Amino acid sequence: MPIKPENEALYPGGSIRSAEWREIRARIQQRAGNCCEGCGVGNGAIGGRARDGTFLPRLPLGDNGLRLVWPQPGETAWCSDGRRWEKLRIIRIVCTTAHLDHDPAHNDDDNLSFLCQRCHNRHDQTHRRANAVATRRARSAIGDLFEP
Ligand SMILES: [Zn+2]
């Protein structure tokens, strides 16, 4: 989920590109061992997500006589963790730093988590759902004011 401009200003240094925020991000990434703190998948890993959420690394397509040829993100290819094999859409795991309370100004380490797209999205979804309910309630309350 992209960061809204009005929220980006609340980040340390006023931007997600500021030196302050980059330093915090690097610290959290290091704490996490460069892996998602939700599901454990490695940042930058390439593979597919099975229906149950399990990440399976991509398998090489073959070789060109010199080196292995790997499927690229966006392609569909066989993936396996050595126990199960599935043909999946290939993605690259990109972990980002999430604010657990959704407040970009609250940057204590225990409020930050290094999460992959899937875990970050799931975390934000709960927040978005709560916001949507609040927005509908507010709209309906405004509607009540104008009822005859
Ligand atoms: Zn994850």
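Reader: In this predicted model, which residue of strand 2 stands opposite Gly48?

Author: Gly48 faces Leu56 in strand 2.

Reader: Why are strand 2 and strand 7 called edge strands?

Author: The open sheet consists of three strands in the order 2-1-7, with antiparallel pairing. Strand 2 and strand 7 each pair on one side only, and this places them at the edges.

Reader: What makes the site of the zinc ion tetrahedral?

Author: Four donors count as tetrahedral if all angles lie between 85 and 135 degrees. The angles among the four donor atoms here are 105 to 113 degrees, so the site meets that definition.

Reader: How do you know which atoms are donors to the zinc ion?

Author: A donor must be an N, O or S atom within 2.8 Å of the metal. The SG atoms of Cys36, Cys39, Cys116 and Cys119 coordinate the zinc ion at 2.2 to 2.4 Å, and therefore qualify. Along the chain, the donors follow the spacing C-x2-C-x76-C-x2-C. Cys39, in the loop between helix 2 (19–31) and strand 1 (46–49), and Cys116, in the loop between strand 9 (112–115) and helix 3 (117–145), are 77 residues apart, and this pair links distant parts of the chain.

Reader: Is Cys116 buried or exposed, and why is Cys39 called partly exposed?

Author: Buried means under 20% relative accessible area, exposed means over 50%, and partly exposed lies in between. Cys116 has a relative accessible area of 0% and is therefore buried. Cys39 is partly exposed because its value is 35%.

Reader: Why does Thr97 count as buried?

Author: The relative accessibility of Thr97 is 7%, so this residue is classed as buried, the cut-off being under 20%. Thr97 lies in strand 8 (residues 96–99). Leaving aside neighbours within four places in sequence, Thr97 is in contact with Trp21, Arg25, Ile28, Leu112, Ser113, Phe114 and His120.

Methods
Residues are numbered from 1 along each chain as its sequence is written. This is a predicted model: local features need pLDDT of at least 70, side-chain atom pairs count only at pLDDT 80 or more; totals for chains, interfaces and linings use all residues. Side-chain values use heavy atoms; hydrogens and water are left out. Donors are N, O and S atoms within 2.8 Å of the metal (3.2 Å for Na, K and Ca); water is not among the atoms, so sites may look incomplete. Four donors count as tetrahedral if all angles lie between 85 and 135 degrees; four count as square planar and six as octahedral if opposite donors are over 155 degrees apart and all others between 65 and 115; anything else is irregular. Helices (H or I, at least four residues) and strands (E, at least two) are DSSP runs, numbered from the N terminus. Buried means under 20% relative accessible area, exposed over 50%, partly exposed in between (1.4 Å probe, protein chains only). Contact means heavy atoms within 4.5 Å. Two strands pair if DSSP finds at least two bridges between them.
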